[in-house]
Amino acid sequence: MLAALALATVTLAGCGITTTNTATVFAASSLATVFPQISDAAQAPATFSFDGSSGLVDQLAGGAPADVLATADRTTMDRAVKAGLVGTPRQFATNRLAIVVARGNPLSITDLTDLTGRKLVVCAPEVPCGRAAAQIAADRSIPLRPVSQELKVADVVGKVASGEADAGLAYTTDGTDRVSVVPLPGAERHLTTLWIAVVTDSPHPAVADAFISAVTGTTGQTLLRQRGFGTGG
Amino acid sequence: MAEPLVTPPPRTAWLAFSLAAALIGLPLLGLVVRAPWARLPSLLAGHEAQQALGLSLGTCLVSTAVVVVLGVPTSLVLARSTGRWVQVARTLFSLPMVLPPVVAGLALLATFGRWGVVGRPLSHAGIEIGFTTTAVVISQVFVSLPFMIGSLEAALRTSGTHHEVVAAGLGANPLRVFLTVTVPMAAPSIGAAAALAFARALGEFGATLTFAGSLPGVTRTLPLEIYLLRESDSDLSLALSLVLLVVAAVLVVATSRWSGNRG
């Protein structure tokens, strides 16, 4: 039985080991489409774990093995830096909040003022998308009355996609075949910045650097722009 | 009563026992050690904590009441019936126990959501369940009812039907037999099963998040609050986790007392 246990442990541990030319990338959910594209196009092999930024930093703090961390805002990256989890971060794109609505916008929602009597879902103020939403609402003195403050942006999009909510505050880049994205007036003054850094305990720092170069290089920046992110160029 | 003869378990069994105890015990101990004991009272007295605690307690009391009202008669029907359909029904009632909670949430959404089979006509009538406290209770009932039915049916089967038969022989109708014989005799088992269901409802996370949303005071129960706060206010998150751990421990002890499993 002991032998079986030992074998199981070795086998399980083996699953965590990736070949040395592949970077393990922990990235914010909003990057789930574009990062694999960049990886392919720039031939920078990577395996991805997409989740809410805060959750990813948690996992790193808990000792999860990764080479690269990419977050959806500065605050979350700062927390990782302060905890000594990552090296010096680089900003690689910007994003802005938008209103997500059912595909084709059947309720003709074009601004926060069209949401009276509608079911709005936002992110909780504790997560990046919620921080930005609170700032924009305060900026424009429009009180938000959401029916739910979701724990991550993917849940906001999910509630709109399933038709449970009429509108959600998510990112410009969150459009899918189920939801349309409407520009949110005032969002341009509260851009969120996306940051990328090498994980301090990265087993393959060279591979990590290669992936980051791909993201910050021409190929990455072009693909990010195509997906709707803002870039320096 | 003479001590029953027992052969000692093999040493390897004790090794497995130690490993199992460490696997379950150490993480729980870790939580207890990490908990911010000094600040515990002030943390738990805070508005956010009180709101989540109150909502969890209230919804779990309601859902457990529903589970008792539905689960006790259902368990009796299963325990006293024979035939292929009983096995089918038993499988149906145990499914939510093994279903991933997020799947339960999607199933509830597909049924009671705005565009769901039941939800759409309700929505036309002006009743919407999504994002309400009712949705939280429905999620809790969905995941905890199987615990009531599973444990109570087994208890009713083993307790036998002798007293029920006698009562019926004396002229009591089935409803009277149920209320005056079956339920009082099974009261400890019902209590134990209800405690188990309450504990399961208290920990409900996935289905609530998927189906009910997360609004403070309305749908954000303790587990959702803990998940949200785990990094922005990890002390409060740990304090609330400790509360859940203590309540769960109390409920498990109560369960084994009531079902008579004294060691």
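I worked on a predicted model, where local features need pLDDT of at least 70, side-chain atom pairs count only at pLDDT 80 or more, and totals for chains, interfaces and linings use all residues. Residues are numbered from 1 along each chain as its sequence is written, with chains lettered from A and ligands numbered from 1 in the order in which they are written.

Chain contact. I found 18 residues from chain A and 18 residues from chain B in the contact (C-beta atoms, placed from the backbone, within 7 Å). On the chain A side, α3 (53-61) and β7 (148-150) each give at least two residues; helices (H or I, at least four residues) and strands (E, at least two) are DSSP runs, numbered from the N terminus. I sorted that side of chain A into seven nonpolar, five polar and six charged residues (nonpolar: Ala, Val, Leu, Ile, Met, Phe, Trp, Tyr, Cys and Pro; charged: Asp, Glu, Lys and Arg; polar: the others, Gly among them).

Domains. I noted domain 1 (24-94 + 192-227) and domain 2 (97-190) in chain A, with bounds from an automatic or database domain assignment. Their C-alpha centres lie 25 Å apart. Eleven residues of domain 1 of chain A contact ten of domain 2 of chain A.

V141(B). I located V141(B) in helix α7 (residues 133-159) of chain B. V141(B) is buried because 23 other C-beta atoms lie within 10 Å (buried: 20 or more; exposed: 12 or fewer; partly exposed: in between; C-beta atoms placed from the backbone). Leaving out residues up to four places away in sequence, V141(B) touches S63(B), V66(B) and V67(B).

Technical notes. Contact = placed C-beta atoms within 7 Å.
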